[in-house]
Amino acid sequence: MYALYFSPATAAMAPHMLLRELGVEFELRRVDTEKGEQRDQAYLVVNPNARVPALDHDGLVLWEAAAICTYLCDLHPEAGFAPPVGTALRGEFYKWMTWLTNTIQPDMICWFYPERYVPAEDSETFKLKALDRMVPRFAMLDQRLRDREWLVGDRITAVDLYAFMLSRWTRNMPKRARDLPNLRRLLDRVMARPATQKTYEVEGIVEPLF
Ligand SMILES: N[C@@H](CCC(=O)N[C@@H](CS)C(=O)NCC(=O)O)C(=O)O
């Protein structure tokens, strides 16, 4: 049995969407990050990083959204949310997934939590520098999608769900992923999927959708 520790509209969203795409049974365990529950002792036992998401699979506890997504893909290969292990496409999958979580996501964290890095008076400059780093990365995603529907191979994978999640986080930034035309088509495609719609409904996510 899977249990996903989540807070709405966070890094738990891609694993949540994927669990629904896979059509597996799972339980949602809410950690209210606005109330600081990620720092409660009861949750620190699950994820000592004090972050969501975490996944409990019959006692195996995983954290890091990208690791959770890849693990789920591996346990349900028939669903095709990652290409087969040992293929060139699987290499592409690792490349894009790791790049999203390792290159774009940290700059987004700088944008959302500047107080963790710099004194308040430097916060605006720090955020704008993070944005400057993000803009060409999102342009790369847009460029990748200029003549293809999905980021890896010719069908949706967990990489697309992850890219969707990160793109959504730009919705209130001065530069938004949705304004990039090729990426926008991907966002619309993912948004139209029943698994995404259900995730939004259950997490209580409202406009702007992304
Ligand atoms: N690298 C982690 C980052 C997770 C993360 O930053 N989660 C945020 C929500 S998007 C969180 O738990 N924030 C609460 C906090 O930082 O106190 C992952 O991808 O799973």
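1. Let me start with the overall layout. The protein splits into two parts, domain 1 (2-80) and domain 2 (88-193). Please keep in mind that this is a predicted model.

2. On how the two parts relate: the C-alpha centres of domain 1 and domain 2 are 20 Å apart. In the contact between them, domain 1 contributes 17 residues and domain 2 contributes 19 residues.

3. Now to the ligand. Both domain 1 (2-80) and domain 2 (88-193) supply residues to the shell around the ligand, so the ligand lies between the two domains. The space that the ligand takes is the largest pocket.

4. The ligand is surrounded by 15 residues, and Gln38, Val52, Glu64, Ala65 and Arg116 are the closest. By class, the shell holds eight nonpolar, three polar and four charged residues.

5. Which atoms come up to the oxygen atoms of the ligand? In the side chain of glutamine 38, an N or O atom is 2.7 Å from an oxygen atom of the ligand. Alanine 65 takes part through its backbone, with an N or O atom 2.9 Å from an oxygen atom of the ligand. For glutamine 105, a polar side-chain atom is 3.0 Å from an oxygen atom of the ligand. As for cover, the ligand taken alone exposes 510 Å², and the protein buries 87% of that.

Conventions. Residues numbered from 1 in each chain as written. Predicted model: local features only at pLDDT ≥ 70, side-chain atom pairs only at ≥ 80, totals over all residues. Heavy atoms only, no water. Near = heavy atom within 4 Å. Polar contact = N/O pair within 3.5 Å; in protein donor to acceptor, adjacent residues only side chain to side chain. Areas by Shrake-Rupley, 256 points an atom, 1.4 Å probe, with all protein chains shown as cover. 1 Å grid on protein atoms, 1.4 Å probe; cavity = no way out; pocket = protein on both sides within 12 Å on 5 of 7 lines; lining within 4 Å. Sits in = over half its atoms within 2 Å of the grid points. Nonpolar A, V, L, I, M, F, W, Y, C, P; charged D, E, K, R; others polar. Domains from an automatic or database assignment. Contact = heavy atoms within 4.5 Å.
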